[in-house]
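Keep the viewer open as you read.

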Amino acid sequence: MQRITILGATGSIGASTLDVLARHPDRYSVYALSAHGRVEELADACRRFKPARAVVGSADAAGRLAQLLAGLDIQVDHGEQALCEIASSPDTDTVMAAIVGAAGLAPTLAAARAGKKVLLANKEALVMSGQLFMDAVREHRATLLPIDSEHNAIFQSLPASYARDPQAAGVARILLTASGGPFLQRAVETLEAVTPEEACKHPNWVMGRKISVDSATMMNKGLEVIEAHWLFGAAPELIEVVIHPQSVIHSMVSYTDGSVLAQLGNPDMRTPIAHALAFPERIASGVPQLDLTEMAALQFHRPDFERFPCLALAFEALRAGGTAPSLLNAANEVAVQSFLDREIGFRDIDRVIAQVMEAVPHGPASSIEAVLAQDARARAAARSVIARLRA
C-alpha cells in the first residue's frame, strides 16, 4: 500500500487528490496532511482519512486543530520545519506537493532530497530553483511526476526513450495549451477595470484565487513555460504556447517527422492526479469519459502579448536565467495579492513585475540561500512599486 503525504490538502489540488484516494482505499493510505490556515477543513479531512500527522502554518492554528481533533491519535505540528519532516519522513512513499507559491519550495525540495515519489503541483519549486531542484531529484534518485494538466499531458505524449536520450527521441517542439482565461475576448482597453471577482471566474477550471488571477493574466502559463524547460530539458525557443479555449487538448508534442501527439480529456485535475499516483499503471479518477461527438469545434490561436504581457515577461525571465525567474515569481505573488486586496488594478500586476525585474539585478541561482535572498529583495521592491502606484 502506497503511503501519501499531501502538502496543501485543503486547496483545489489537495481536495481532488483526496477524492481520488478515497476511490482506492485498498491501494493508498494517508500518512500526513497539511494546510496553512483552513483549520476546520483540514480537521474534516483528518477525521475522514485519519493521518498520523497534520501540519498547519502557525501555533494558533495548531492549537485550534488539536482541539478539533481531540481524541484522535494524530500528531499536530506547525511551521516549515514540520512540513519538511512530513515530506521527507521514512513513513511516507509519495508526496503531493500542492502548496501554492514560494512557501512550497522547502518541503518539496526536502521530499526530493529524501528520494520520494514527488507529484509536483507546485510550480514555484522549479521556477525559483530549477537547476537546484532537478539536481536534487537526480542525486537522490527521487521520482518526479508532473501534476499540472499541461505538463502531465506532455509527459504522457513523450516516448519512454526521451528521458534517456532527448535528441534521439525526435522532439521538435513542446506545445503548451492555454485556455486564455476569462478575458480572451474582452477589449484590451477595458482590462484596467477588471475586478478580483471577474478575474477569479475561470471559464473551464475550478481553482484557488491566486491561480485564477494568474490564469487571467496568463502568468500561470508563463510559469508553466519555465517549469517545462526544467522538467523536459527544452530550450526556450522549443516551447510554444497555444491558446485553446475549450481546454480539451491539455498539451502536445510535435516531432521531427511531422507527427503531433496530444493528450485529451475533460478539464478535471483528478485525471493527471490519478495518472501520477498510479504511474505506470492506470486507475479510475472519477472523471467522466470524454465524448468527442459533443465537441462542436476545437479552436487554436497564438497568444497576444499586448493582452497578456505577463507571458512575455516570463519568457524574458527564462531567457535571462539565474535568479530572474525567482524575481518574476516573487513580484507576481506580491502584485496578485495586492490586486486581490483591491490595492492596485488588474493591469498594474504586469507593471509591478516589469519594474521589479528592471530594478533588481539578477545573478546565478547558485544555492537555495541565494534564491531566497533574491525572492526577499523582489518582494520588498514590489511593495515599494505598489506604494508608489497607490500614492
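A word on terms to begin with: buried means under 20% relative accessible area, exposed means over 50%, and partly exposed is in between (1.4 Å probe, protein chains only). What you have is a predicted model, where local features need pLDDT of at least 70 and side-chain atom pairs count only at pLDDT 80 or more, while totals for chains, interfaces and linings use all residues. Residues are numbered from 1 along each chain as its sequence is written, and side-chain values use heavy atoms, with hydrogens and water left out.

Start with the annotation. An unreviewed UniProt entry puts a "binding site" at T10, G11, S12, I13, N122, E124 and G208; the positions follow the numbering used here, feature names are shortened, and such annotations may be inferred rather than shown by experiment. I13 sits in helix α1 (residues 12-22), where helices (H or I, at least four residues) and strands (E, at least two) are DSSP runs numbered from the N terminus. I13 counts as buried because its relative accessibility is 15%. Beyond its neighbours within four places in sequence, I13 is in contact (heavy atoms within 4.5 Å) with M96, A98, A121, I147, M269 and I273. G208, in the loop between α8 (196-199) and α9 (209-217), is partly exposed, because its relative accessible area is 32%.

Now for the second largest pocket, with about 700 Å³ of space. Its lining has 24 residues, and L144, F155, Y162, A163 and L231 are the closest to its centre. Elements giving two or more residues to that lining are α6 (124-139), β7 (143-146), α7 (149-157) and α10 (219-232). β7 gives the most, with four residues. A pocket here is an open set of points on a 1 Å grid over the protein atoms alone, where a 1.4 Å probe fits, with protein on both sides within 12 Å along at least five of seven lines; lining residues have an atom within 4 Å of a point. The volume is the space filled by probe spheres set on the points, which are joined across faces, edges and corners.

Last, the rings. There are three aromatic pairs, counting rings of Phe, Tyr and Trp (its six-membered ring) with centres within 6.5 Å; planes under 30 degrees apart are stacked, over 60 edge-to-face, and the rest tilted. F155 and F279 pair edge-to-face, 5.2 Å centre to centre with 65° between the planes. F183 and F346 are also edge-to-face, at 5.4 Å and 80°. F346 is buried, because its relative accessible area is 4%.
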